[in-house]
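Here are my notes for you, as numbered points. Please keep the model open while you read them.

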Amino acid sequence: MKKWMAAAAALAAAMSMNVVAEEAKNVLPDVMATYEANSENSYVTSYLEQDPYLVNIYEGFGFAKDYGSARGHAYTLEDVNKTERPHPLANCLTCKTADFTKLVNDLGVEAYSMEYDSVAPDMKESVGCYTCHEDQVADGTMVLTHDYTAAAIGDEMGDSIDPVVAVCGQCHTEYYFAPDTKATVVPYTDIETMNPEAMLAFYDEMDFADWTQESTGTRMLKAQHPEMETYLGEGSVHAGMGMSCADCHMATETNEAGDAYASHYWESPLQNEALLETCAACHKDTDMVEKVQTLQAEITARETEVGEKLSGLKDALAEANASGDYTEDELNAIRGLHRSAQWFFDFDYVENSEGAHNSTLAKKCLDKSEALIDEAMGLFKA
């Protein structure tokens, strides 16, 4: 084991950042083999086909044109290059490639506002070793390489927030692009403000909108993928137990020499017997596959119910906006509820776990969204 560590340290010192190279395979063969296996996760579900109401509620924004499930981390750079959503600036590369992370760390905030087409050709690696470890690959040290995460919660890493959760959360998080610098920024400053209510208040206070929907006139917000905020949020059982992302998504494996290593093949615990054994420590003989799938089916059905109601609100507001029968004050009252309802719905929908990370918060967001929809519908004239 010591020989492996020494070799890895030499490699890390010799290479500027890109440990995901042919030379790395000779030093970290087991880790690299599992990392490269992420290319097997190539299947994509079109959410727009699966849930057609999304096209309506995202009207006027890129996600109404192209919105598919995330593939394995090996495809992040390829997928952002191919997406039909517009990406004029380099900030769209923020979490898609370790090369851009390094560029930001070298150049500073101005990297975010560079033209996408001027930067993308030089981006060669997707999510890689540098993303999570910078140049400290040898001992597996977790490093906040993304400047916006380090600025927001750097002091809490290792204290309030497990380093593994914080580092995974650099990309698995809600974010926005600052209107002035175009830099990627997160709408929270610590773990206490890392919740959907506080984030909505943050956006409302700065009068931020991702886009203004033409048919309704609503200044809309588009949540990204707040896995970290959900996992650490109110009602999270596993976070309260001190578990991390790696406990559920990175199995510990043993090579032929008997050395243990962390698999870098990121997968659902439902698909890995070794990971399911960690569940059994607390859940005993519970059929975890059935338990989680039942929960996810419940949350998915609820998302469809609320999402279709949200689509109905959008249509009713568009009609009212075009009718000439409402004052701007009357319309703005409905628009404010529309904006908030979509935010809470979206916060749950785009989080990607269908309630598995924190079913309490998922249900709360959907209930809150529905209550706001009902309140808005009550403001329309008969």
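1. Start with Asn358, which is in contact (heavy atoms within 4.5 Å) with Thr230, Gly233, Glu234, Gly235 and Ser236, leaving aside its neighbours within four places in sequence. Asn358 is in the loop between α18 (328-349) and α19 (359-377); helices here are DSSP runs of H or I with at least four residues, strands are E runs of at least two, and both are numbered from the N terminus. With a relative accessibility of 2%, Asn358 counts as buried; the classes are buried under 20% relative accessible area, exposed over 50% and partly exposed in between, using a 1.4 Å probe and protein chains only. A polar atom of the Asn358 side chain also lies 3.1 Å from the backbone nitrogen of Leu361.

2. A word on what you are looking at: this is a predicted model, in which local features need pLDDT of at least 70, side-chain atom pairs count only at pLDDT 80 or more, and totals for chains, interfaces and linings use all residues. Residues are numbered from 1 along each chain as its sequence is written, and side-chain values use heavy atoms, with hydrogens and water left out.

3. Now to the rings, where the structure holds 21 aromatic pairs. Rings of Phe, Tyr and Trp (its six-membered ring) pair if their centres lie within 6.5 Å; planes under 30 degrees apart are stacked, over 60 edge-to-face, and the rest tilted. Tyr47 and Tyr67 make an edge-to-face pair, with 4.9 Å between centres and 65 degrees between planes. Tyr47 belongs to helix α4 (residues 47-50) and Tyr67 to the loop between α5 (53-57) and α6 (76-82), so this pair ties together parts that are 20 residues apart in sequence. Both Tyr47 and Tyr67 are buried. For Tyr175 and Phe177, the centres are 5.7 Å apart and the planes at 50 degrees, so that pair is tilted. Phe177 itself is partly exposed, at 27% relative accessibility.

4. Do look at the cluster as well: ring pairs link Tyr47, Tyr53, Tyr58, Phe61, Phe63, Tyr67, Trp211, Phe345 and Tyr349. Phe63 also has Arg85 over its face, at 3.9 Å from the ring centre. Elsewhere, the charged end of Arg71 sits over the ring of Tyr75, 3.8 Å from its centre. Such a charge is counted when NZ of Lys or CZ of Arg is within 6 Å of the ring centre and within 35 degrees of the ring normal.

5. Which residues of helix α3 (residues 29-36) are buried? They are Val31, Met32, Thr34 and Tyr35. Seen down the axis of α3, these fall within an arc of 165 degrees, so they line one face of the helix. The arc is taken from the directions from the helix axis to the C-beta atoms.

6. Two backbone angles deserve a glance. Most residues other than glycine have a negative phi. Lys182, however, has a positive phi near 70 degrees, and Asn352 has one near 80 degrees. Lys182 lies in the loop between β1 (176-177) and β2 (184-185) and is partly exposed at 33%. Asn352 is in the loop between α18 and α19 and is partly exposed at 37%.

7. Finally, the cysteines: the structure holds 0 disulfides (pairs of cysteine sulfur atoms within 2.5 Å). For Cys132, the nearest cysteine sulfur is that of Cys168, 6.0 Å away. The closest cysteine sulfur to that of Cys168 is in Cys245, at 4.1 Å, too far for a bond. Cys132 is buried at 17%, while Cys168 is partly exposed at 24%.

Conventions. A polar contact is a pair of N or O atoms within 3.5 Å; within protein, one must be able to donate a hydrogen and the other to accept it, and residues adjacent in sequence count only if both atoms are side-chain atoms.
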